[in-house]
Amino acid sequence: MNKLKFIITFLLCSLIYTGLKAQQSPKKLFEAREFEAVIDTLTKKSEFKELNLDELFYITKSYGRTRQYSNGLVFSNKMTEKAMKLKDTTNLVRAFNLMAENLIDLNDITKGIEYCEKVAPVFREKDSIEFQKLCFKWGMMYYHNNQYKKAHDIYNNITLPKYRKLSLFTNNYALTLMGLEKWDEAIVYLKKSIKKSKNNRSVHYSNIGFAYLKQEKYKEAEVYLDSAVTSISDNTSLYNQKSIYSHYFLMYKNQNNVEKAVTYLARIESLNEAIFKQKISEKIKALETSSKQLEFANTRETTLKKQVKIIDNRLALAEKQKIWGAFILVILVVVLFAVLFIFKYRNIINAHVQIQTEQRLLRSQMTPHFIFNSLSVIQGMILNKEDKKAIIYLSKFSKLLRIILENSREKLVSLKEELQALQNYIDLQNMSRENSFKYTLKIDENIDTSIISIPPMLMQPFVENAIEHGFNNNFENAEISIFIHFKDSKLSCIIIDNGLGINKTSTNKRKSKKSVSTQISAERLKIMSKELRVETGLTIEDRSQFNEQGTIVTLTLPYKIEKEDA
């Protein structure tokens with residue numbers, strides 16, 4: 001039971017520890033030398049999001065620290081591309097250093113030298129620190145390529161005091177001096193390295209031993225090589241151990257000490273085998289990491305395919321919406337044109353109705369009966385030798401005919417002209433009757449009949465009805481009063497007679513004719529009301545309801561006020 005609790009607690013602690021590590025920033029993990037954690041964290045992140053320049057820097061450095069130089073080379077290349085894309089020169093030179101670092105670690109010396117020579121001109125004066133960092137790798141590449149003079153010159157570019165104090169600088173600088181066979185000067189720098197170095201003293205001892213060996217100072221060489229062997233620790237790389245034993249082998253070979261030389265040759269072979277195994281192990285580890293990255297890449301590809309499918313669906317939906325939008329727009333345009341067509345069609349119909357009404361009006365304005373009666377009256381006057389009266393009657397009749405014909409061609413005539421025509425008509429009617437009737441016309445003082453225009457022959461039919469149907473020949477004291485007034489933007493005409501009244505005349509045998517003229521007048525009022533945008537109306541009342549005799553016709557006339565000439 002206790003064992004089970006321990007396992008559960010251990011697992012929980014492991015999960016919490018892993019979670020805390022995942023939450024740490026790559027920079028903090030790298031500074032804590034948690035290189036594997038940096039690689040895992042940023043590899044998972046790259047599955048869903050593109051890494052930024054800092055993250056590319058730390059994952060590249062972490063691959064280098066775990067000896068996965070091929071992967072480091074891939075990410076340093078990505079960092080270079082991204083920095084160039086963003087035109088970030090500061091990070092670009094950092095990426096150059098990482099690329100050179102991985103090339104030298106991969107022992108790809110020729111390519112590394114070409115690369116450094118290519119990128120070196122890119123470094124600006126303010127990038128001098130990054131350039132001096134590049135010189136550490138660039139100089140060593142020349143050294144490993146046996147170009148010692150160039151290596152020495154490149155290292156002389158490293159002028160920053162804190163860099164020149166590093167054991168890495170003093171050791172590498174000593175190597176360039178050894179390449180130039182400046183043994184004593186090299187030994188001086190190597191001894192400085194020993195003082196500053198805590199972990200790699202075996203390397204420096206070995207190099208000093210080699211310098212003495214090249215000067216055939218075998219006793220001094222053996223002392224330093226022995227010190228190198230005793231300084232070997234777990235941190236001493238196999239390559240450095242091999243170098244120490246190679247110096248031993250060379251020393252004993254030069255001294256013709258075959259037995260010891262063979263002994264160290266066996267150790268060298270053993271180290272070669274160990275180095276080979278280490279390389280295989282590193283390759284396998286790199287492949288495992290690459291496999292994980294491939295798996296992540298496949299997952300990301302699947303995710304991207306899903307995203308592409310979603311985008312395709314959205315595009316298809318947008319295309320459908322676009323088609324529907326166009327269809328609706330066409331429908332709206334068709335409806336708009338239909339509305340315009342209907343509106344125009346109605347206007348045409350209204351105009352047609354108006355023309356028909358006007359034609360019907362013309363036909364009703366001068367009825368054959370009136371003309372026949374007028375001609376009969378003239379004939380009677382001539383036969384009765386009432387020449388003067390006949391001439392006056394004929395003059396008024398011809399004048400009335402002319403006015404009616406002229407006005408029939410106009411949509412609007414002045415109120416003054418219309419009242420003159422009405423006056424002529426009433427005069428003719430009075431002259432033709434045995435019992436004349438009294439006629440009065442009153443116009444409000446505020447009305448200027450010359451500037452107000454109205455449709456012609458609107459009042460005449462109702463005056464005619466009053467005369468023809470309200471008064472018979474025996475009717476005495478007949479009287480017609482017409483009032484014109486203008487109030488509240490309404491032009492009214494009130495026709496009052498003291499005849500039989502509309503109720504009694506409703507049974508008259510010419511009822512149909514009267515109804516037609518009233519209907520036409522009502523239609524004209526309705527049409528002109530729309531056209532002139534004024535209120536119109538027609539009411540016909542029998543005066544018996546006011547205990548009087550006769551009929552009252554109230555016309556609210558359409559009108560237009562003409563502008564007076566300035």
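1. Helix α8 passes helix α9 in a left-handed crossing, a crossing being left-handed if the near helix is turned anticlockwise from the far one by less than a right angle, and right-handed if clockwise. The model is predicted, so local features need pLDDT of at least 70 and side-chain atom pairs count only at pLDDT 80 or more, while totals for chains, interfaces and linings use all residues. Residues are numbered from 1 along each chain as its sequence is written, and side-chain values use heavy atoms, with hydrogens and water left out.

2. The axes of α8 (residues 128-144) and α9 (residues 148-156) come within 7 Å and cross at roughly 165°; axes are lines fitted to C-alpha atoms, for helices over the stretch in contact, and angles run from 0 to 180 degrees between N-to-C directions. The two helices are therefore roughly antiparallel to each other, a term used for angles over 145 degrees. Helices here are DSSP runs of H or I with at least four residues, and strands are runs of E with at least two, numbered from the N terminus.

3. On the α8 side the contact (heavy atoms within 4.5 Å) is made by C135, F136, W138, G139, M140, Y142 and Y143, and on the α9 side by Y148, K150, A151, I154 and Y155. These residues divide into ten nonpolar, one polar and one charged, where Ala, Val, Leu, Ile, Met, Phe, Trp, Tyr, Cys and Pro count as nonpolar, Asp, Glu, Lys and Arg as charged, and the others, Gly among them, as polar.

4. Helix α5 and helix α6 (residues 89-105) pack at an angle of about 160°, with their axes 8 Å apart, which makes α5 roughly antiparallel to α6. Here too the crossing is left-handed. The residues of this contact divide into eleven nonpolar, six polar and two charged.

5. Helix α5 (residues 69-85) also holds K82, whose partner E50 lies in the loop between α3 (35-48) and α4 (53-65), 32 residues apart. K82 forms a salt bridge with E50, the closest N and O atoms being 3.1 Å apart; a salt bridge requires a side-chain nitrogen of Lys or Arg within 4 Å of a carboxyl oxygen of Asp or Glu. The structure holds 13 salt bridges.

6. Three strands form an open antiparallel sheet in the order β1-β3-β8, with pairing requiring at least two DSSP bridges between two strands. The edge strands, β1 (413-414) and β8 (560-561), each pair on one side only. Two bridges join β3 (residues 452-454) to β8, and S453 stands opposite K560 in β8.

Terms used:
Parallel < 35°, antiparallel > 145°, perpendicular 65-115°, else oblique.
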